Structures are given as C-alpha cells and as structure tokens.
Amino acid sequence: MGSRQFLHLRELFDRSFKAARIGVWECSLPDQTLSWTDTVYELFDLAPQTPLTRNQILRLYTPETRRRLDEVREKAIRTGEGFSLDVEIITASGNRRWIRITACVEVADGTATRIFGMKQDVTAEKTMVEQLRQLAEHDILTGLTSRTRFETFFNEICATEGRTGRALLLVDLDGFKAVNDTLGHQAGDDCLKAAGHRLSRAVPKANMVARIGGDEFAVIHECVSTEHLAKIADRVVKGLNWTVSTPAKSIRIATSVGAAIIVPGHSSKDIFAEADRGLYEAKLSGKNGFRIVPPTWSAYDAAL
C-alpha cells in the first residue's frame, strides 16, 4: 500500500470515528499517564491537549459509575482481560453525558503495562432507552403507572411471603361514558387526567397507582385491617367526585371501588377477581361507593 493511500485511509478512519463520537485513549501503567485523541477531549468538554491527570478526570464521573469503573478496571489489570462499561459523567462544562468505555490490557512478563481502548458518546442511546422504559412503565395520558408495570408489581407482591399487609383497590369512574359521548374525546381525556391527579392526591401513601384500562384504575396500598381499608376506599370515593363542565352541559363524575386484602402467597388472579367482584357489587348497589371483599383471615394470619 502506498503512503498516499495509507494517509487517505487513515483520514477516513479518523473522520468516521469523529462522526460516531468515538475517541481513542490509553493509560500507561504504573504511572497512570493518560493520552487521548481530540474526540475524547470533546466528550469531556475539555480543550484538546489540556494537561490530564487521572485523579482530576475521575472527579467528572458520577460516584456510582466511578465506583463501578474502579472495580472493573482493577480486575482487568489483575487478570489481563478487557472490559466494556457504560459510565455517566458530568463534563467540565456541567453537561451530563453517557460514555461507553471499551478497554484492552497490554501485558509484558506477566505484568500489565498499558490499558487502552475507545470511549464513545452513547447519551442519545441511553436517552432513547429511558424514554422507551418510561413508555412501558407509565400511562402516556395520565402519567400513572402502566398496566404492564402494575401487573408485574402485583404478581411480585402476591408471590412474596411477607408481614406487610397490603390491599388492592379497583377504581372505576361512574359517568365517564357520558363525558366521552356528549362532550367529546378531548373532554374525556381531560377527565381521565383529572381522575389520575385526584386519585394520586387521595392516596398519597399508596405503593402504586395505575391506570389499567379506559376509565379503570388500580391502587396497591398498605393496609392493616378491613377498617383501615374502608377508610382508604372512602377517601378514593370522595376524592373522585366532581363535575365536568362546558358552557353547554355539566356531567357529574362519581366513583365505584372494589377492594380486597392481598394475602401473600395467594394467587394474584384470585385476589384481582375478589376486588373485581367488590367493584361489581358497588356498581350494582347504586355506584358512588365501595365494597370490600372480606379476606380469608385464617389464611391471612397464617401468612403473617
């Protein structure tokens, strides 16, 4: 390969790495001297060729990622095996950034002499993953927990033997269909947002508040007795009782609640069915109220 072709390929290589926000770094051992390409300086918001000391650079890493980096780096130097790690930094300019570090270890006569590799800006990737997680775990309209996340948590606590009493409350809006049919879907969306806000305010100490259907919500709350559960359910009924108004029409929103004690070790499907039966009975008896399905206290006491 001629020198001109080699220089051309090297230029392409450098441009490609720069476009991908990838830089090359190395640290000589044992003196800890750092060498970076310009892109790594850019990732840390430092001017190229700024004098580097490892201790100063480590201060730019968040405490948790610095701890993790120390662990994997120490192991790499000890074993001679490389690693890949995503770390969070707060740059010299105060910007939060995620960097993926890949590292190789150079060993001579059984001793690590150099550790080197690449650093890549993966902030956009991390942001996208976090947004996807938020979409999966939260209801877009109300901001409450999503049904998927609720089901996971509910199944976990039903399967866990523990002494903390909890209850499941299923909440259904009375009058929501009239809002949608009469005032339109935008009014319906606003009604659901208001319901989510009111429900969260009614049960500020809940373990979880979720939207699990159109106008259906679920609450998981610590609970020590049916009397305690009745007070919680009553707060929900009273808190979700308001009027949706437009210049042309007003519609009263009320709430029905069905509740059941969560007995650890019992089927989540059965407990949900009990709360759902309570909700059905509350609606059947005139709505705007609650029904508690009594637990099997012998089974509950045994679980405690």
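A residue counts here as buried when its relative accessible area is under 20%, as exposed when over 50%, and as partly exposed in between (1.4 Å probe, protein chains only). The model is a predicted one, so local features need pLDDT of at least 70 and side-chain atom pairs count only at pLDDT 80 or more, while totals for chains, interfaces and linings use all residues. Numbering runs from 1 along each chain as its sequence is written, and side-chain values use heavy atoms, with hydrogens and water left out.

As for disulfides (pairs of cysteine sulfur atoms within 2.5 Å), the whole structure has zero.

Next comes Q32, which sits in the loop between β1 (22–28) and β2 (34–36); strands (E, at least two residues) and helices (H or I, at least four) are DSSP runs numbered from the N terminus. Q32 is partly exposed, at 29%. Leaving aside residues up to four places away in sequence, Q32 touches C27, R54 and R73, where contact means heavy atoms within 4.5 Å. R54 lies 22 residues from Q32 along the chain, yet their C-alpha atoms are 6.7 Å apart.

R73 leads on to helix α4 (residues 63–79). The buried residues of α4 are T65, L69, V72, R73 and A76. They line one face of the helix, because they fall within an arc of 105° seen down its axis, taking directions from the axis to the C-beta atoms. On the other side, P63, E74 and R78 are exposed.
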